[in-house]
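Student: Could we go through this one label by label? I'd like to see the cut-off behind each word.

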Amino acid sequence: MDVLKHPMQPIPASQLESLMAALDVNFVRLAECVVSPGWRLSVTATDLPGIHYNLAGMGRLIVGKGSPIPLAPHTLIIVPPGCSFRIEVADRNGVFGPLRTVNSRWSEIAPDDIRRFVAGNGEREIILICGYFRASYGASIDLFANLPSPIVEMFDARDQVDQKLKSALAELMAQEVGSGTMTAALLKQVLVTILRRSLRTNELWTERFSMLSDPRIARALTEMISRPGAPHTVQSLSRTAGLSRSAFMSRFADVFGTSPMTVLRQLRMRHASILLADDHLSIDQVADLVGYASRSGFTRAFRGAFGSDPSDYRGAMRRQVDGKHGLASYNV
């Protein structure tokens, strides 16, 4: 059944609240981009969406072969995955060509590294915070993966988006304990602000975030996200969606490109990784909380998702935390 042949209904606010709360957000790379008058900064594509916020100056940003997007202070642009872009600043006569060009490649920057991309002679005009991020629920459920075109939003100083992104940049540069958590929280606040604007009309939500374009399937996804350890089955999830089993399977695959049980397993493993890193529950307790009746079944599933046993994963997380604190690590 093709969901696009049927009238769309808004996703209830309570479901959207649950989906936004459970969204896992992380910066992968972050940089400051500075461009002088008469210069162009060209950046190659990556497989992640990019977020670009203009702190100061006037210019334009061009995604791929698209039309120029005007840049003024407090302009925020989310660039879809797989798209190159360029930032251009007119010369002192207001002319955009010919421009001197600097080419930069994100692939040359290690994850979690902070860089400064500069195109020009030191005279600043455009100053942007640019970064790439993940916003997902599981290995195959990325909210921005199929974004069809850039999202462009204008903010102002009262929204404090610039302060959140500056704080995220400062956190990553400091590399203190908890920096990853802080930057993720700050980025999530920015994304939720953008998503709120996208939800002003159902048409914008459907156009931008096709993975949640079917409210019935979104209802089942919300149930899986909010209760990953519950004894879900295809039959119980189809009842939650208000669909027959066959219609549910077909529509779920249309939206996510995989089966409900595959998505549920990913959500359970993500939840398990959080519980293991917290280090307060036994592995048997973690297995039970994420819906596995036996430790052996849980271990097999976890190994398939993360490439290591739950106990080894927990030990690695503990050593990572101890290393950030400058402590020696002991096996207990």
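Student: Why is Gln160 called partly exposed?

Tutor: Quick ground rules before that. This is a predicted model, so local features need pLDDT of at least 70, side-chain atom pairs count only at pLDDT 80 or more, and totals for chains, interfaces and linings use all residues. Residues are numbered from 1 along each chain as its sequence is written, and side-chain values use heavy atoms, with hydrogens and water left out. Now the label: buried means under 20% relative accessible area, exposed means over 50%, and partly exposed is in between, with a 1.4 Å probe and protein chains only. Gln160 has 45% relative accessibility, so it counts as partly exposed.

Student: What else is there to say about the backbone of Gln160?

Tutor: Its phi is positive, about 60 degrees, although Gln160 is not a glycine. Most residues other than glycine have a negative phi, and most peptide bonds are trans. Gln160 lies in the loop between β12 (151–154) and α2 (161–174). Those element names come from DSSP runs numbered from the N terminus: helices are H or I with at least four residues, strands are E with at least two. By that count the protein chain has 11 helices and 12 strands.

Student: Is His74 buried or exposed, and what makes you say that?

Tutor: His74 counts as buried because its relative accessibility is 16%, and the limit is under 20%. His74 also has a positive phi, about 75 degrees, without being a glycine. You'll find it in the loop between β5 (69–71) and β6 (75–79).

Student: Which two residues does a cis peptide bond join?

Tutor: Gly97 and Pro98, with omega at about -5 degrees. Pro98 sits in the loop between β7 and β8 (100–104).

Student: Why does Arg40 count as buried?

Tutor: Arg40 comes in at 19% relative accessibility, so it counts as buried. Its place is in strand β2 (residues 39–43).

Student: What does the side chain of Arg40 make polar contacts with?

Tutor: The side chain of Glu88 at 2.7 Å, and the side chain of Thr101 at 2.6 Å. A polar contact is a pair of N or O atoms within 3.5 Å; within protein, one must be able to donate a hydrogen and the other to accept it, and residues adjacent in sequence count only if both atoms are side-chain atoms.

Student: And why is Glu88 called buried?

Tutor: Glu88 has 2% relative accessibility, so it counts as buried. It lies in strand β7 (residues 85–88). A polar contact of 2.7 Å also joins the side chains of Glu88 and Arg60. Leaving out residues up to four places away in sequence, Glu88 touches residues including Trp39, Ile62, Phe96 and Leu99, where contact means heavy atoms within 4.5 Å.

Student: How many residues are in the largest nonpolar core, and what makes a set of residues a core?

Tutor: The largest has 52 residues, and Ile51, Ile78, Phe144, Leu191 and Leu221 touch the most other members. A nonpolar core is a set of buried Ala, Val, Leu, Ile, Met, Phe, Trp, Tyr and Cys residues joined through side-chain atoms within 4.5 Å. A second, separate core of 23 residues includes Trp39, Val63, Leu71 and Ile126.

Student: At what angle do α5 and α8 pack, and why that label?

Tutor: Helix α5 (residues 215–226) and helix α8 (residues 260–278) pack at about 30 degrees, with axes 9 Å apart. That makes them roughly parallel, because angles under 35 degrees count as roughly parallel, over 145 as roughly antiparallel, 65 to 115 as roughly perpendicular and the rest as oblique. Axes are lines fitted to C-alpha atoms, for helices over the stretch in contact, and angles run from 0 to 180 degrees between N-to-C directions. On the α5 side, Leu221, Met224 and Ile225 make the contact; on α8 it is Pro260, Val263, Leu264 and Leu267.

Student: Why do α8 and α10 get a label of their own?

Tutor: α8 and helix α10 (residues 295–306) pack at about 95 degrees, with axes 10 Å apart. They are therefore roughly perpendicular to each other. Met269, Ala272, Ser273 and Leu276 of α8 meet Phe298, Ala301, Phe302, Ala305 and Phe306 of α10.
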